[in-house]
Number of protein chains: 2
Amino acid sequence: MPTQSRRERARAERHDLILRTARELAESVGWGAVTTRRLAEAVDYSQPVLYGHFKNMNAIADAVALQGVEELTVAMRTAREDGGLRALAQAYLDYAAEHPAVYEAIFVRPTDLSFGSPDSPSSLKDAFDEIRAGVEPFADTDPETLTEVFWSALHGQATLNHTNRLRPTHAKPRVDLLVSRLTG
Amino acid sequence: MPTQSRRERARAERHDLILRTARELAESVGWGAVTTRRLAEAVDYSQPVLYGHFKNMNAIADAVALQGVEELTVAMRTAREDGGLRALAQAYLDYAAEHPAVYEAIFVRPTDLSFGSPDSPSSLKDAFDEIRAGVEPFADTDPETLTEVFWSALHGQATLNHTNRLRPTHAKPRVDLLVSRLTG
DNA sequence: CTAGATTGTCTAGCAGTGCTAGGGTTCGGC
DNA sequence: GCCGAACCCTAGCACTGCTAGACAATCTAG
């Protein structure tokens, strides 16, 4: 049935268009200014069309977050295979700095995504496992806890960097110090 | 001039009432539900009265934040004098857990408060100095950077704790591990 | 090729938001 | 008693997320 699939294809394209546009909009003006009207305008459809693809505005941000967390995982894995935990940490912070709106969607914005539980999206678990793989060589007892500690430390630096609450000139020494002490 | 002072006293009381109510409201329903109408209703005045005391809604949250950061500093100092850095860390996380809305106002919400610069409120500098005093014994070279790293790590745990992104059962081991490794 | 059902899209509207202009009302000083 | 200043409220603006109902395009079936 080519007709069905043509419709489905068009639908999928609109879906991607909305997601892509929302992400660009968020990166350029911040999530606070990503409104249904502006987004609808940007994709050249009326507001209700958005609701034909997503439950609500929040679901759009969640979808962007899921895209992002997969990218983040890839970035961490690539870096780790090359340069170990230090490179992984840098890759994490680089991603947060280069895609602040996406990072915010994943880890800061109020979201319906479930994290700790069994029904959380597998991509979230994958990201966590990637950090775990990075710290595992340095965990003498409890890798799970060390993973959480390391991740929290990275997350703290990422958010405080972004909100200008840390000296922008000392980003690198902070990563160095964190990695060297936590792996001691 | 007792008349002047009576008016001023009434004004100051209203000011405090607004602040106190905003804080309670935020802690019970979250900042997202603290609207000018609800807040005005709660203090039994009309909306414009709020604007006679604060520039806007954001300024109210900022005022709550400044109150909170002073409380946090006291809590950290008391703990540190008693039990060193480990106690300070626990006090920090306890404060964040017990006053999530206040903590959010200080460190998460978009705010006009300036942090790094010379014109930032002294209470913010005091809080930072308090952490610095805690880590100083363990800084072999650069206490400033170690302070930022430690603070970021605490902040990360505080926020990820609160948004249910870490195992709630393992809060204490996380602090233990962080302190023991970072002071190693 | 046409009638009917389905799908897609829009306009218009709801209730809620932050914030403000304008007009009364109460208060303090003379 | 009177005037001016301080105070407070009603009403409204432009915006938000979200949805109902009408209309048009498309596909299915006879």
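Two residues count as in contact here if their C-beta atoms, placed from the backbone, lie within 7 Å. With that in hand, take A:Tyr92: leaving out residues up to four places away in sequence, it touches A:Met76 and A:Leu154. Keep in mind that this is a predicted model, where local features need pLDDT of at least 70, side-chain atom pairs count only at pLDDT 80 or more, and totals for chains, interfaces and linings use all residues. Residues are numbered from 1 along each chain as its sequence is written, while chains are lettered from A and ligands numbered from 1 in the order in which they are written.

Now zoom out to the chain. Chain A has 8 helices and 0 strands, with helices (H or I, at least four residues) and strands (E, at least two) taken as DSSP runs numbered from the N terminus. Its C-alpha trace spans about 60 × 40 × 30 Å along the principal axes. Among contacts in chain A with a separation of 6 or more, 60% join residues 24 or more positions apart.

One such pairing of elements is worth a look. The axes of H4(A), residues 57-98, and H7(A), residues 143-162, come within 10 Å and cross at roughly 35°; axes are lines fitted to C-alpha atoms, for helices over the stretch in contact, and angles run from 0 to 180 degrees between N-to-C directions. On the H4(A) side, A:Ala89, A:Tyr92, A:Leu93, A:Ala96 and A:Ala97 take part, meeting A:Leu154, A:Gln157, A:Ala158, A:Asn161 and A:His162 of H7(A). By type, this contact has 7 nonpolar, 3 polar and no charged residues (Ala, Val, Leu, Ile, Met, Phe, Trp, Tyr, Cys and Pro are nonpolar, Asp, Glu, Lys and Arg charged, and the others, Gly among them, polar).

What about the second copy? Chain B can be laid on chain A with an RMSD of 0.1 Å by a turn of 180° and a shift of 0.0 Å along the axis, superposing by least squares on the C-alpha atoms of residues with pLDDT of at least 70 in both. The two copies are therefore related as by a two-fold rotation axis.

Where they meet, 25 residues of chain B contact 25 residues of chain A. On the chain B side, the elements giving two or more residues are H7(B) (143-162) and H8(B) (171-182), and H7(B) gives the most, with 10 residues. That side divides into 10 nonpolar, 9 polar and 6 charged residues. Because 100% of the interface residues of chain B are also interface residues in chain A, the copies meet through the same surface.
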